[in-house]
Amino acid sequence: MGETSLPRDGSSVTGTILVADDQLPNRELMEELLTHQGFRVLTAPDGTEALHQLERAQIDLVILDVMMPHLNGFEVCEKIKANADTSLLPVILVTALSDRQDRIDGIKAGADDFLTRPVDSTQLIARVRSLLKLKQRTDELERAESVLFSLARSIEGKDPYTHGHCERLVQYSASLGAHLHLPEDQITALRRAGVVHDIGKIAVPDSILLKPGPLTPEEWQLVREHPVIGERICQPLKSFRLVRPIIRQHHEKFDGSGYPDGLRGEAISVTARVLQIVDVYDALTTIRPYKPAFSITDALQTMKQEVAKGWWDPAIFEEFEKLVRDGTAEFLSRGATAGK
Ligand SMILES: [Fe+2]
């Protein structure tokens, strides 16, 4: 460890840093250096204790020594990255100088950065600051996303008949997307769209949304605006770039008879075509005010007729049918029973 009297650079980056190292002098030195820079520092003498601390405290960055008893740095890092609650937490691994294998193992474990011993204090502070800045941006984004998600769920919550619909769509569409070998970023977009695709309904009055009888043409007009409004709501979020076309296009039909743009065939994004299939399936297999819950066989039969009418993508429906029938995606049948 180098000198510990680095001046604070006046940057506004703050945060709580967890330092895990089995050597007390290393921990103390790192703690002194980081505290001097204005960070709050927690320490742990081994990997197991580090994981306990992560459960108990709000931590923004973790510095792990590689060689520790019980759980070593790689194992702790892997556990942090595998846990959905901590997967976005930046991790710096402290390895022996020029140990190439350690770096390879560290990258495999998902480490965000490395420091070599003896730790250079200037380098340490620079890396800590840049990772914490990144973490702050991720946190802001997460907050914005969670606002959207709770808004979407509050809309779903208004209607007792669509209870659990979003969650099922998230599962179904991700499963169908994976079955179709869609890239990971499109599957992530499908999961998000499963929750937020109807967010534009926020602009539709409850008296129309929950109306048990048929809608007037004017009321239909309002309902039909929800894909465009939903797309607009999600516009500012860059991370929703691949979600926006799904929101806008989820009521398009393969033959061009849908809304809002009357797109046809492959002009409708593949992710939107996937969401449509699972959306229809869920609506058919759960009870609604105007219909009972269909059995899986009846739902698939109805969808087949709709494919013949030109509404849904025949190739995607065929794959979806296989997925339901061969039972690999076991949960696909759960919605049907849950809705009864
Ligand atoms: Fe919709």
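Residues are numbered from 1 along each chain as its sequence is written, and side-chain values use heavy atoms, with hydrogens and water left out. Because the model is predicted, local features need pLDDT of at least 70 and side-chain atom pairs count only at pLDDT 80 or more, while totals for chains, interfaces and linings use all residues.

The ligands of the iron ion are Asp198 (OD), His226 (NE2), His250 (NE2) and His251 (NE2), at 2.0 to 2.2 Å. Donors here are N, O and S atoms within 2.8 Å of the metal (3.2 Å for Na, K and Ca), and sites may look incomplete, as water is not among the atoms. Along the chain, the donors are spaced as D-x27-H-x23-H-H. Distant parts of the chain are linked in this way: Asp198 sits in the loop between helix H7 (184-196) and helix H8 (206-209), and His251, 53 residues apart from it, in the loop between helix H11 (244-249) and helix H12 (270-285). Helices (H or I, at least four residues) and strands (E, at least two) are DSSP runs, numbered from the N terminus. Asp198 counts as buried because its relative accessibility is 17%, whereas His251, with a relative accessible area of 24%, is partly exposed. The cut-offs are under 20% relative accessible area for buried, over 50% for exposed and in between for partly exposed (1.4 Å probe, protein chains only). His226 is among the buried residues of helix H10 (residues 226-234), together with Pro227, Ile229, Gly230, Glu231 and Cys234. These buried residues pack against H5, helix H9 (217-223) and H11, where contact means heavy atoms within 4.5 Å.

Attention now turns to the sheet. Its 5 strands form an open sheet in the order S2-S1-S3-S4-S5, with parallel pairing; two strands pair if DSSP finds at least two bridges between them. Strand S2 (40-44) and strand S5 (113-117) stand at the edges with a single partner strand each, so one side of each has no neighbour in the sheet. On average, neighbouring strands are turned by 20° against each other, direction ignored. Strand S1 (residues 16-20) and strand S3 (residues 61-65) run parallel and are joined by 4 bridges, with Ile17 opposite Leu61 in S3. Helix H5 (residues 121-158) packs on this sheet, touching S1, S3, S4 and S5, and its direction makes about 165° with that of S5. Such angles run from 0 to 180 degrees between N-to-C directions, with axes fitted as lines to C-alpha atoms, for helices over the stretch in contact.

Strand S3 is largely enclosed by the rest of the structure, because 5 of its 5 residues are buried. Leu61, Ile63 and Asp65 point one way from S3, and Val62 and Leu64 the other way. S3 also pairs with S4 in the parallel sense over 4 bridges, and Asp65 stands opposite Val94 in S4.

Lys135 lies in H5 and counts as buried, at 8% relative accessibility. Beyond residues up to four places away in sequence, Lys135 touches Ile59, Asp60, Leu88, Leu89 and Pro90. Ile155, also placed in H5, is buried at 7% relative accessibility.

Finally, the nonpolar cores are sets of buried Ala, Val, Leu, Ile, Met, Phe, Trp, Tyr and Cys residues joined through side-chain atoms within 4.5 Å. The largest has 42 residues, of which Leu176, Val196, Phe240, Ile277, Tyr281, Met303 and Phe320 touch the most other members. Its largest share, 8 residues, comes from H12. Apart from this core lies another, of 23 residues, among them Ala20, Ala50, Val62 and Val66.
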